[in-house]
Amino acid sequence: TALQQECDEKVNLYMNTKRQNFMQQLHSLVTDTSKPNLESFLKASLTDPNGWSLEESSVSLNSEQLTCYNSVKKVIDAYLNNSAFFLRHQFVVGLPGSGKSFVLTHALFYACCAGMNCYVTSLSSERAMSFGGCHIHELFNLPVTKTPSVSKSLETSLQKFTFDHSKRIFLENLDLLYFEEI
């Protein structure tokens with residue numbers, strides 16, 4: 001029907017806009033000279049990945065960063081291979097300036113090149129926007145109040161998702177959600 005078509009178009013526009021903004025920003029953060037061009041990067045899909053890998057890039061990581069990257073890459077590869085076992089949650093911790101964001105930027109780039117749908121959120125909206133993502137409250141429709149009860153916040157969020165099909169479908173279709181500086 002016309003109404004269904006209009007809804008589908010709205011959802012597709014929302015998803016494509018979010019994905020394109022995120023991927024353009026991520027592409028600009030990766031300084032590798034051998035990375036795929038933006039057009040090729042944006043076209044990557046699970047059925048047609050573009051095959052970028054850190055191992056063949058001009059990016060250099062120290063041994064701890066490389067260990068961390070390989071650990072995250074292993075989880076991404078297990079997910080891509082429909083492995084029955086993969087870690088659903090990865091935490092990367094370290095001192096300020098140790099390269100956590102640098103490593104995870106390249107892991108995200110690898111995942112996107114493999115065709116995964118990825119996105120970034122953070123408690124700091126500036127930090128999330130630097131990756132082309134958005135603030136955690138915006139992404140999950142969380143109310144910003146001084147003394148919220150958990151149940152009331154959850155109820156409000158779920159009610160908003162009931163009416164915001166685009167955002168709900170966007171989240172349902174994500175393969176990887178990166179929480180920066182939680």
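## The largest pocket

In this predicted model, 32 residues line the largest pocket, and Gln-90, Leu-176, Leu-177, Tyr-178 and Phe-179 are the ones nearest its centre. A pocket here is an open set of points on a 1 Å grid over the protein atoms alone, where a 1.4 Å probe fits, with protein on both sides within 12 Å along at least five of seven lines; a lining residue has an atom within 4 Å of a point. The volume comes to about 1100 Å³, taken as the space filled by probe spheres set on the points, with grid points joined across faces, edges and corners.

Elements giving two or more residues to this lining are α3 (63–80), α4 (100–113) and β3 (176–180). The largest share is from α4, with 6 residues. Helices (H or I, at least four residues) and strands (E, at least two) are DSSP runs, numbered from the N terminus. By class, the lining has 21 nonpolar, 6 polar and 5 charged residues; Ala, Val, Leu, Ile, Met, Phe, Trp, Tyr, Cys and Pro count as nonpolar, Asp, Glu, Lys and Arg as charged, and the others, Gly among them, as polar.

## The second largest pocket

The second largest pocket holds about 160 Å³ of space. Its lining includes Gln-4, Glu-6, Cys-7, Phe-163, Asp-164 and His-165. Here α1 (2–29) and α8 each supply at least two residues, with α1 giving the most, 6 residues.

## Where α7 meets α8

Helix α7 (residues 150–163) packs on helix α8 (residues 165–172) at an angle of about 100°, and their axes are 5 Å apart. That makes the two roughly perpendicular, a label for angles of 65 to 115 degrees. Axes are lines fitted to C-alpha atoms, for helices over the stretch in contact, and angles run from 0 to 180 degrees between N-to-C directions.

On the α7 side, Phe-161, Thr-162 and Phe-163 meet His-165, Lys-167, Arg-168 and Leu-171 of α8; contact means heavy atoms within 4.5 Å. These residues divide into 3 nonpolar, 2 polar and 2 charged.

## The sheet

Three strands form an open sheet in the order β2-β1-β3, with parallel pairing; a pair needs at least two DSSP bridges between the strands. β2 (134–135) and β3 are the edge strands, each with a single partner, so one side of each has no neighbour in the sheet.

β1 (residues 118–122) pairs with β2 over 2 bridges, and Thr-121 has Cys-134 in β2 as its bridge partner. Lying across β1 and β3 is α4, which runs at about 165° to β3.

## About the model

Residues are numbered from 1 along each chain as its sequence is written. Since this is a prediction, local features need pLDDT of at least 70 and side-chain atom pairs count only at pLDDT 80 or more, while totals for chains, interfaces and linings use all residues, and side-chain values use heavy atoms, leaving out hydrogens and water.

Definitions and conventions. Parallel < 35°, antiparallel > 145°, perpendicular 65-115°, else oblique.
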